Amino acid sequence: MKQHYSVIVVGGGIVGATAACALATEGIEVALLDVHNPIRTWPEDEQADIRVSALTRASQNILTKIGVWDAMAQRSVGPYDQMHVWDASSAGVLHFDAADTKYDVLGHIVENRVTVAALWDQLDALPSASILCPAKVMDLTCDTDKAEIILEDGAVLTADVLIAADGRDSALRQMAGIQTTGWEYQQDGLVATISSEKSHQQTAWQRFLPEGPLALLPLKNGDCSIVWTLKHETAQEYLALTENEFLQKLEQASEGVLGNILSVGPRGAFPLRFQYAQQYTAEHFVLVGDAAHAMHPLAGQGANAGLLDAAAIAETIIQTEQASRPMGSHKSLRRYERWRKGDNLAMMSSMDVINKMYTQDNEAFKQLRGTGMQVINQTNLLKNYFNQYAMGLRDDLPELAN
Ligand SMILES: Cc1cc2nc3c(=O)[nH]c(=O)nc-3n(C[C@H](O)[C@H](O)[C@H](O)COP(=O)(O)OP(=O)(O)OC[C@H]3O[C@@H](n4cnc5c(N)ncnc54)[C@H](O)[C@@H]3O)c2cc1C
């Protein structure tokens, strides 16, 4: 038997579950599929998840308007009101302070499991939403009428729009025949939770080192989550170090900014990639989040960009439906692509350029880089521009993000 939905979202990570919630909140019949059920409860005293995201003000606005931010805050979100960036190879320093903006904080560090659990709980409560899990898509056909998928158990589902949010190795993107362009960075993001002697002072710290930046991100409970970009071989070597050896490396790399590092939890490393899909849409089909674009995490923008995709596709579909136009026609969906592709490419390219700038081993260039940072730090206009951009506040945002 075939089951039809207005929208099927494949992939219930941060981005897919947000798109599903935004649509179901407006009464659109939506099914969310995932191969795995996410963890939704854990002991209160358990150490933080090693996967966290620095969520911008724009992302907070989206999550608030779809009714999940309060539930996230009840679980745990770590506000930061300052950001301190410094260069190990020059005198370059950048300091951002919420006091220079009209907001009380610059953003929040949130465990990915907190965001996903709150989104799935909300979907359970929305009458227009159905969760199908575990469900694995084996085949996809998109024609002029609809998108059709066949699941591993033989079930056939159809939709006016199929949203693929199944991550950077998206199987759905491949099934739709959409090509990608990109490269491996040959760097890994080493992640872990640490506790330190000194308070993190609600500050997101980032030190640029020759192999890549080390970020120390403040968690609500006083610990920090680290994202340490290292050459692939170094990251593998650091994963194998004893706890004491690792703590020593980290203390050195952080220049003791948090005093002694007292402990580190389980460590993980994720190979980093620059990758973008050549198209975001086909007939009755769209890509969002990492399925559409994977970027360097040095400014913590991947999930934030994906949340803007989720809000933009929801807005596009809702407006098309309200205008009684076919919601899955390529023409309607192309509006979403025009809206989001340029913004995402600009963001990804800036991350790429910054990564290249800070891994250059040329003395004159390092001095120039340091001077550039000092100039930005002392020029209010430039600093405000970068601050607004980092908070996700720019032109042409979806309504949900404003
Ligand atoms: C080290 C590191 C640090 C980062 N830090 C930040 C940060 O501070 N801020 C930020 O904004 N971003 C950050 N990012 C990026 C961010 O983690 C990702 O951009 C974001 O998680 C992508 O979310 P997504 O929902 O698109 O994909 P994913 O999180 O990959 O979710 C994909 C979902 O699809 C499901 N799935 C996969 N295949 C199938 C299938 N065939 N059928 C059904 N379901 C399927 C999976 O189970 C999963 O639930 C970081 C990334 C890294 C590597």
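Residues are numbered from 1 along each chain as its sequence is written. Because the model is predicted, local features need pLDDT of at least 70 and side-chain atom pairs count only at pLDDT 80 or more, while totals for chains, interfaces and linings use all residues. Helices (H or I, at least four residues) and strands (E, at least two) are DSSP runs, numbered from the N terminus.

Two packed helices are described by the angle between their axes and the distance between the axes. Axes are lines fitted to C-alpha atoms, for helices over the stretch in contact, and angles run from 0 to 180 degrees between N-to-C directions. Helix H1 (residues 14-25) packs against helix H4 (residues 112-125) at an angle of about 30°, with the axes 9 Å apart. H1 is therefore roughly parallel to H4 (angles under 35 degrees count as roughly parallel, over 145 as roughly antiparallel, 65 to 115 as roughly perpendicular and the rest as oblique). The crossing of H1 and H4 is left-handed; a crossing has this hand if the near helix is turned anticlockwise from the far one by less than a right angle, and is right-handed if clockwise. Residues of H1 in the contact include Ile 14, Ala 17 and Cys 21, and those of H4 include Val 116, Leu 119 and Trp 120; two residues are in contact if their C-beta atoms, placed from the backbone, lie within 7 Å. By class, this contact of H1 with H4 has nine nonpolar, four polar and no charged residues. Here Ala, Val, Leu, Ile, Met, Phe, Trp, Tyr, Cys and Pro count as nonpolar, Asp, Glu, Lys and Arg as charged, and the others, Gly among them, as polar.

H1 also packs against H8, where the axes come within 9 Å and cross at roughly 25°. H1 is therefore roughly parallel to H8, and the crossing is right-handed. Among the residues in contact are Val 15, Ala 19 and Leu 23 of H1 and Gly 306, Ala 310 and Ile 317 of H8. The contact of H1 with H8 comprises 12 nonpolar, two polar and one charged residues.

Helix H8 (residues 302-322) in turn packs against helix H9 (residues 330-358) at about 165°, with axes 9 Å apart. H8 and H9 are therefore roughly antiparallel, and H8 passes H9 in a right-handed crossing. The contact includes Leu 308 and Thr 316 of H8 and Tyr 336 and Trp 339 of H9. Its residues divide into eight nonpolar, four polar and three charged. H9 has a kink of about 25°, centred on Arg 340; the bend at a residue is the angle between axes fitted to the seven residues ending there and the seven starting there.

Two loops have backbone details. Cys 133 and Pro 134 are joined by a cis peptide bond, with omega about 0°. Pro 134 lies in the loop between strand E8 (129-132) and strand E9 (137-142). Glu 255, in the loop between helix H7 (243-253) and strand E16 (261-264), has a positive phi of about 55° although it is not a glycine.
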